[in-house]
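Trainee: Please take a close look at one part of this model for me. I would like to go through the salt bridges, pair by pair.

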Amino acid sequence: MSPFATLATTITHEDIQKAVARGHGPNETPVLTLSAESRVKGYQSICLPLTTANWRERWKNMCIMPSTGDGGNEEVIAAEKEAEAWRKSPSFLLDEVTMTRLDEAEIVVAMASQWLQLDATDDWVRHDSGVALRQEVAYASYLNIPTVILPPPRNRSHVASYGRIVNDCLKNVPYMQFSVRLPIYDPAVFQPKESPLLKSDGDLSSSGASTPPSSSPNILIPGSSPPRSLRSSKAPEGELNATWEMWDVIRTLCDYNPRLTLTLDLTPPLPANAGVLNRWAAEPVQHIFLPASAFIANVKGYPVLPKGTQAFIRQSMIHRPTFILSGATSGLHAMGGESAYAQYVKHLEKSSPIVQAAKTNGTVEYFAQGYQDYLQNPLQPLMDNLQSITYQTFEQDPVKYRNYEEAIYRALLDWPDRERIVICVAGAGRGPLVARSLKAIEKSGRQVFVYALEKNPNAFVTLQARKTREWGSSVELIFGDMRRIDIPEPVDILVTELLGSFGDNELSPECLDGAVRFLKPDGISIPASYTAHLAPLSSSKLYNAARENKDLKSMETPYVVMFQNVKVLSGDSGGTGKRCGPKIQECWEFEHPRKDVTVDEKGLPLTNSHNVRSARLCFHIPHAGVMHGLAGYFEAVLYDDVGLSIHPHHKDYISEDMLSWFPLFFPFRDPLYLPSNSELQVSIWRLTNDRQVWYEWFAESFLPVASVPPPSEQGEDMSGPDASFFSCTSTHFAVPSPVIDAIDVFPLTEPRPRQASSDSATASSGVVKIGQTSLHNAGGRSSWIGL
């Protein structure tokens, strides 16, 4: 198994100068020397600035011009001419780049000039930064460098300009990956500094600005809070959201281009809020920038990371990132030396629960290697005959069949001690449930006869072979569709495995409508019932995968997916009046056998209308995010308290490490932005006609508000000519900010009883609609399951 994490080291300009001073062979260069040394130390790649300080100085002299009072009009005119010539034909001088040869760039992750300000307040600085970035990208493409790390966005007000320029680079260079460097937390909220563009050594002209800032991210948030010390109270959601909000704008402007990734910068301290950190699980993280300054010394003086950062890095292994170590040779920690940092990252990799689960035989993660975030079309069990390899895959699940055996065993023990019990396995496949039934029969000591029913003619051959070799006269095989054929006698226990990832999405209700007629009036169905569950999901990877075919059908098809790079956006309860439900909510339930269905003389339902379902669910969204789809799960009661579950909160104690089902993903054609503390209402329908069953889904988003009571409820008439505009009944006040963390909002107080005083005016809470999706798969136009 390939490693989950790879390591890179940062090469600075100082490192290159030291390599030059040491000297090198005639065919060597400083970069080749440093690359070879890095490989010997165990690094798989090096992170190297593409340009030198000479390039920064020339750009500054061309684009950041002094006023005529400082340098004279001739100097300004000359600089302008040089800048215009450069804008017309951008190019480097030899001493402005760190590499010139293809072999130098073989293991390089290039860093574009981190001082470029693609989102600067000044129009010309933004423009010329964009020209410079395109020049650097063109040179990196010339050297066949696969990945360029972009300078961090700094200014929320102009981040759209940043995204536009990056999108232009993506279109001009068709193969290169671009990674946006972002700190998870904004260091400026602790020690805000005056923007370098506003502070200068002298009077600057309006066509430029002062010295470009350093590479350390320093984000400007409009309307941010006043300065605080490190001992200050919990940060508002607006500050915690700042970098993610900018990333969301950038990737949206770039149309979710899969070649646009993230380099998370862990230089600033991480927020303690788990909900804020978890959102990065759904984003395309390619690199994690980890400087030596992020480490602390343990009692022996070795570098270790704070516990919160440890947990975040262990969780980040789902991305299989490259960790870019910086400052490892600075001697910041007394013990361990340079290798201690890499060893510690490898230790976190080995101790990550994600890595351990993937390497442990028998776990879902081990079984699903290669299927993570891979979209699979659900089965069409009635229209198609499954291949033997498909049966074999499902039969590898020991948990499902162990639970089925236990359920059958308990049902046999609870059944009255008659001379003969009849079991029918409907949809026997290659026979795993028949074999488990026989084991349960043997364990129970009851006298039982088994019918095995199967419609797949190919699988029926396998059943005949197993009957000859293993089962003998204890099993009778019947070929045909359970909805249309009859069996020799009524049965006491009906056993089926027709469940799908959403419970009913492989037509278990419709199939069992035909099979429950085999049951005696007091007969037992295994499973006895099953429920479908939903949650709002964020995943740029799944969204891109679903829209890869660029057609309507692909965005209106539910897919079976082993989730990995995803984030469930909802929280437990919350919302206006605590009206929202849990994080994952139940949609509907099916029970078998049903006694309320109108049937014909053969015992079959007259129509399929009794299997129509609908649900309207309300979710609380505590942290801002983008919804790309819905996650679907199921739970089933087999018999008594024996069940099956892929519900994330229940599966570990109902059917831990069950392999047979991955969740279902209902994609949305267009992402829906959900602010912090918002509410999401999801409507979903299971619909049917004579030939098909299909799902339709739709969502709306709302933001809580407080509204002024109507004038009739106020003690004083405010509708006269002098009344304030704000007294209008349709006017809302005290609207919570969309970027306020629901956890940070002041606690909701119990409403006070309305006083009889005529001068009292109370506010009522409500919601205002802020967005919606389209209705997906209307009429089953894109996806359906055939009857």
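Mentor: Start with a cut-off: buried means under 20% relative accessible area, exposed means over 50%, and partly exposed lies in between. R781 has 46% relative accessibility, so R781 counts as partly exposed. Keep in mind that this is a predicted model.

The side chain of R781 meets that of E556 in a salt bridge, at 2.7 Å from N to O. This pair links distant parts of the chain, 225 residues apart. R781 sits in the loop between β27 (764-772) and β28 (785-786). E556 sits in the loop between α19 (540-546) and β17 (559-560). E556 is at 0% relative accessibility and therefore counts as buried.

Now the network. Salt bridges with shared partners join E406, R410, D640 and D641 into one network. Within it, R410 forms a salt bridge with E406, and their closest N and O atoms are 2.9 Å apart. Both belong to helix α15 (residues 398-414). They are four residues apart there, so about one helical turn separates them. R410 is partly exposed, with a relative accessible area of 25%. E406 is partly exposed too, at 27% relative accessibility.

Next, D481 and R483. They form a salt bridge, with the closest N and O atoms 2.9 Å apart. D481 is buried, and R483 is buried as well.

As for the total, the structure holds 34 salt bridges. The general point is simple: side chains of opposite charge can pair when their charged atoms come close.

Definitions and conventions: Residues numbered from 1 in each chain as written. Predicted model: local features only at pLDDT ≥ 70, side-chain atom pairs only at ≥ 80, totals over all residues. Heavy atoms only, no water. Salt bridge = Lys/Arg side-chain N within 4 Å of Asp/Glu carboxyl O. Helix = DSSP H or I, 4+ residues; strand = E, 2+ residues; numbered from the N terminus. Buried < 20%, exposed > 50% of the residue type's maximum accessible area, 1.4 Å probe, protein only.
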